[in-house]
Amino acid sequence: EALAHLDGLRTRAMGFEMAIATSQTKSELDPKTVLLETLLSNDRSYIWLADESGTQFYYGPKASELTRMATSAWSCFAEGRECRAEGQALSQALLGPGWKKLRGKRIVVAGDGILSYFPLGALPDPSSAEGTPILQEQEVMLVPSLHAMAGLRRESGKMGVPREVRVLADPVYEAQDERLRGKPTREGGKSVALEQALSSGGVARTLSRLRHSGGEVEALRETFCARAACEMAVGFAATREAFLKPVQQGSILHIATHGIVNENDPELSGLAFSQWSQDGEWVDGYWPLGEMGDRKVAARLVVLSACQTACGRQYFGQGAFSLANGFLRAGARTVVASNWNVNDAATAQLMKLFYRRLAADGKMRVGKALREAQLELRSRPEWRKPYFWAGFSAYGEWR
């Protein structure tokens, strides 16, 4: 009953008004899937595991201690270190008591606080001393709540093979960009929202070119454009206006740009598109999350190939207010988003592997395709650290 109540609160916070009965939790889960739902209260953490056979509950460490362990492991991963001790400590505390129920299953995570965007698959198996990451054997998906996904399925209907692919990539951010060489650049106004986001968000004030994002464009061109209508808005064409065009139901929307997280004012978090036109005119290329409003993005898949698009200000009981969360609210069935400031070259390689798998089988789940791509990237010596292969997670539909 407590789990149904908590999941109901989170579902309503996502905009779905649903009466949720205890029995419905089981019906949403198939035999291969376990729900891991957490709540971080003032003095303790609460952990539920639910599958079609029933629900298991246990208390975790004090919420402050569990948050400290998760933050330590997340920071270690994000800094490109090995992190075996940090990962093992968190895995034992969070997953150890329920590992018998979790082992060998797809884990669907509805997390609180930092656990709402933590790459759980990068943690080691809590029952082994070898340090093998969970993702080696199991798929991990993240959701805002179990029943929010049921509401999203109900509203968006059946999603078939994507018939439209829209790509926005490699925007022109600076007047010094080589693509503007030889052209007179005329400064205009300034994006007030971008200035505010950068000044209070604690990030670098310059947006450098993402040179490897061209590889992501080619990966999509090779894999999907023979079977779907493709719109490639690259360079100067990767504008705010191109992003705001209506998205067809069931399409793929891939955005390779800079993401900005502002935890002081989450509605200022956003995506940076081209700041210059081909004629050398300055244009406002910033889109803040606060402008999502009632906009509908009923895509089968949104890929936010930008930094920290899964991160944001954390609200008690509801996880992070992030770009990933915003696109799910807007109707996207699945969102692939980043857990930290990702490496440009590694991201391009990961996206190539991901789209090849997704295109090879029209029925392949996003979570499975991402997992297989991450494992292949991890198998290469230069990308073996979690910083490179675990930087993205899949949010939303696991079916």
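Me: Is C83 buried or exposed, and where in the chain does C83 lie?

Reply: A residue counts as buried when its relative accessible area is under 20%. In this predicted model, C83 has 6% relative accessibility, so C83 counts as buried. C83 lies in the loop between α3 and α4.

Me: Which residues of helix α4 are buried, and against which elements do they pack?

Reply: Packing is read from contacts, that is, from heavy atoms within 4.5 Å. In helix α4 (residues 84-94), the buried residues are G87, Q88, L90, S91, A93 and L94. These buried residues pack against α3 and against the strands β1 (33-40), β2 (45-51) and β3 (54-59).

Me: How many aromatic pairs does the whole structure hold, and how is the geometry of F77 and W340 classed?

Reply: The search finds 16 aromatic pairs in the whole structure. For each pair, the angle between the ring planes decides the class: under 30 degrees is stacked, over 60 is edge-to-face, and the rest are tilted. The ring centres of F77 and W340 are 6.2 Å apart and the planes meet at 45°, so this pair is tilted.

A second case is the pair W383 and F388, which is edge-to-face, with 5.2 Å from centre to centre and 70° between the planes. W383 has a relative accessible area of 13% and is buried. Aromatic residues can also be grouped: Y46, W48, F57 and Y59 form one cluster.

Me: Where is G391 found, and with which residues is G391 in contact beyond its neighbours within four places in sequence?

Reply: G391 is found in the loop between α13 (386-389) and β16 (392-396). Its relative accessible area is 1%, so G391 is buried. Once neighbours within four places in sequence are set aside, G391 is in contact with A337, S338, N339, W340, V342 and P386. One of these, W340, is also the partner of F77 in the tilted aromatic pair. Sequence separation and spatial distance are given separately for G391 and E86: the two are 305 residues apart in sequence, and their C-alpha atoms are 17 Å apart in space.

Me: How many helices and strands does the protein have, and what is its radius of gyration?

Reply: The protein has 13 helices and 16 strands. Its radius of gyration is 21 Å, close to the 21 Å that the globule rule gives for 399 residues, so the protein is as compact as a globular protein of that length. The C-alpha trace spans about 65 × 45 × 40 Å along its principal axes. Of the 399 residues, 58% count as buried. Among contacts between residues at least 6 apart in sequence, 75% join residues at least 24 apart.

Key. Residues numbered from 1 in each chain as written. Predicted model: local features only at pLDDT ≥ 70, side-chain atom pairs only at ≥ 80, totals over all residues. Heavy atoms only, no water. Helix = DSSP H or I, 4+ residues; strand = E, 2+ residues; numbered from the N terminus. Rg over C-alpha atoms; globule rule 2.2 N^0.38 Å. Buried < 20%, exposed > 50% of the residue type's maximum accessible area, 1.4 Å probe, protein only. Phe/Tyr/Trp six-rings, centres within 6.5 Å; stacked < 30°, edge-to-face > 60°.
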